[in-house]
Amino acid sequence: MLAADRLIALALMGLSIYFMWHAKALPIGWVPNAGPGGGAFPFWLSAIMLAASTLILLRSFVSHPHEGEKFFPDADAIPQIAGVVGLFVATIAVIPFIGTYLALMAFLFIYLKFFGHHGWLLIGILTLATPVVVFFFFEVTLKILLPKGWTEPFFFPLYAMFF
Amino acid sequence: MEVLGLLADGFATSLTPLNILIVILGVTAGLFIGAMPGLGSVNGVALVLPLTFIVPPTSAIILLAAIYYGAMYGGAVSSILLGIPGASTAVATTFDGRPMALQGKAGLALIAAAVASFVGGTISVLLFTAFAAPLAELALKFGPAEEFALVLLAFTTFVGLGGDDTLKTIVMICLGLVLSTVGLDMISGQPRLVFGDIPGFYAGISFLVLAIGVYGVGEVLYTIETARTSPAVSTARLRMRDLVEGIREMNKMWKTMSFGSVLGFFVGMLPAAGATPASLMSYGLARTFSKKPETFGKGNIEGVAAPETANNAASTGSLLPMLTLGIPGSPTTALLLGGMVMWGLMPGPMLFIEQKDFVWGLISSLYTANLAAVLINIALIPLFVWALRMPFSVLCAMVLVLCILGGFAPSQKLHDVWLIAGFGVAGYLLRKADYPLAPLVLALVLGPLMEKSFRQALISTQGDPMIFFSRPLSATFMVLAAIFFALPLLKMLRQRLSKRPAPAE
């Protein structure tokens, strides 16, 4: 936990500096007769953030908070969480190519099979019913077109039917 | 008595068939979301908000408020049946609710929780009705200087009263405010913090993206880690006898419940406090004033009633500053505020003048939502027992699917879905390292108002910062903010001073 505390403080310090560097693009000083410039708000708030996260880092060397506690009390959870994050990111990454529907079906299938260890019946019902519900809710009712990628041509007959 | 007339007009809005249906739907959805371990009102509102495009604005906000209400009722269900609080707001309910369930009195405990929630909800809605209009009238006198001072005050309450690590709270407030400045500078119109001209950042970062990331993806990751083994569900049989006994028992607790309601309402108004501390305080006070304090924690029905009245009252209380001042009192109300802005309804005193129908429609819908929630809650108890047996992995998969779709729907940009993934992982890690997330979300929602009022006030005085101290109301807020900000320092000093003589003894 102590190491994680320090790493996160360091990451936040880096992030503040990155923000400050970008905020500098607009005036960060006091514009005469008008108050702060456009970059001042993000710049100085990032500066406060930098100061506070630096203090958190320094404090960890003085008082050793959370010593003896583990950041992941249950180490078995790490591969599972990393797996879910990886699957989630992969799902978003393939949406522009294979479309939302196939991506979500693949996501549900993999998640329920390998993380949930469920039976085929439940997996089948959820994997097949979700895209249908999603299509009718988002595309037909709300008129929000979801990205379809290469699968777009398969939807032409459906468009003709519902729009 | 003008209030009664306005409220009657409000009922004309909220009692249309569509809105009654919406309240029933919202309350039911909220009850189930609240009853799921790990998911509370804030997760429910974050996940459902992008789907509300389906109904007109007034109904959309009524729907979200009904979900909020239902989730506050539902939180008690998993506290009692699983021993895991549905949300942090229902922590205190586990203290006596779980022992009652283990003694075979789960049905009675659930009825007590529902009735107590109803009492807390009703008393607080009455208080809300009485305070809303006068507070809005006072807020009409606010200029940019007062607005800025008030937002500053809201943030300093997190520092002074939040109870979290002071430095970490400050980091989170600043991070939220900086993220809120991404996009176009509101005064010069120039792009800033677009991170190397990434087009997706020109529109800014929506509060919804952060909320879905933190309360959707982040919450799922947290749940996967903390609740990997499915807990045992207590069965709750509901007999007519329980219902009669429950109501008879509750009748003896008027003092506890009315005290809890009033306490909850006022604690709920404070941005840093809210439903969780309110319910813990109410529980503690009920135990202190009880004739048999030793029975608390072992299945005393009063220990269920006290926190449940307070947490429902607090959720109504936190709506008050959101609606009248435009300053939300909790993350959930911050999302409601964001939702209202999305719909073109700017919360604040002008809302009470320009959108009378909406405001009083919403207030009157709280009365109907409250009544609907208690009835649906008691009627659906057997269904909750069944729903809680649903495996976590199915729930998590569904929430993640909703995160992708809900993130895409409002802006129709995949950029936002990527941000959700990023915020989700970051929020999960930050939460594990004890960084409070509520100030982060609140800061992102309030950031634009804070910057705008600050710069407007300074432009109006040609850059003279004394405007914040020369106007009486603004000066009062500034002094209060300074006191809250100094509180942790004073606390630290006192600890140091009290420690010092110790070695000499």
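pLDDT is the predictor's confidence in each residue, on a scale from 0 to 100. Keep that in mind here, since what you have is a predicted model. In chain B, the element with the lowest mean pLDDT is helix α10 (residues 240-251), at 81, while helix α20 (residues 414-432) has the highest, at 94. Taken as a whole, chain B averages a pLDDT of 86, and 97% of its residues score at least 70. For the model overall, the scores are ipTM 0.93 and pTM 0.86.

Now to chain A. The chain is divided into domain 1 (1-66) and domain 2 (77-162). An unreviewed UniProt entry lists residues 41-62, 83-112 and 118-138 of chain A under "transmembrane region". How do two of those stretches look in the model? Residues 83-112 of chain A are 100% helix and 0% strand, with the end C-alpha atoms 13 Å apart. Residues 118-138 of chain A come out as 90% helix and 0% strand, and there the end C-alpha atoms are 28 Å apart.

Next, look at where the chains meet. On one side are 54 residues of chain A, in contact with 49 residues of chain B. Several elements of chain A supply at least two residues each to this side: α1 (2-23), β2 (35-36), α2 (40-63), α3 (77-115) and α4 (120-141). The largest share comes from α3(A), with 16 residues. Sort the chain A side by class and you get 40 nonpolar residues, twelve polar ones and two charged ones.

That brings us to the inside of the model. The largest nonpolar core has 217 residues, and the ones with the most contacts inside it are Leu64(B), Ala65(B), Ala112(B) and Val441(B). Helix α6 (residues 106-139) of chain B gives this core its largest share, 19 residues. Chain A takes part too: the core draws at least three residues from each of its domains, domain 1 (1-66) and domain 2 (77-162).

Note on methods: Residues are numbered from 1 along each chain as its sequence is written. Chains are lettered from A and ligands numbered from 1 in the order in which they are written. This is a predicted model: local features need pLDDT of at least 70, side-chain atom pairs count only at pLDDT 80 or more; totals for chains, interfaces and linings use all residues. A nonpolar core is a set of buried Ala, Val, Leu, Ile, Met, Phe, Trp, Tyr and Cys residues joined through C-beta atoms within 7 Å. A residue is buried if 20 or more other C-beta atoms lie within 10 Å of its own, exposed if 12 or fewer, and partly exposed in between; C-beta atoms are placed from the backbone. Helices (H or I, at least four residues) and strands (E, at least two) are DSSP runs, numbered from the N terminus. Domain bounds come from an automatic or database domain assignment. Two residues are in contact if their C-beta atoms, placed from the backbone, lie within 7 Å. Ala, Val, Leu, Ile, Met, Phe, Trp, Tyr, Cys and Pro count as nonpolar, Asp, Glu, Lys and Arg as charged, and the others, Gly among them, as polar. UniProt positions are given in the numbering used here, feature names are shortened, and annotations may be inferred rather than shown by experiment.
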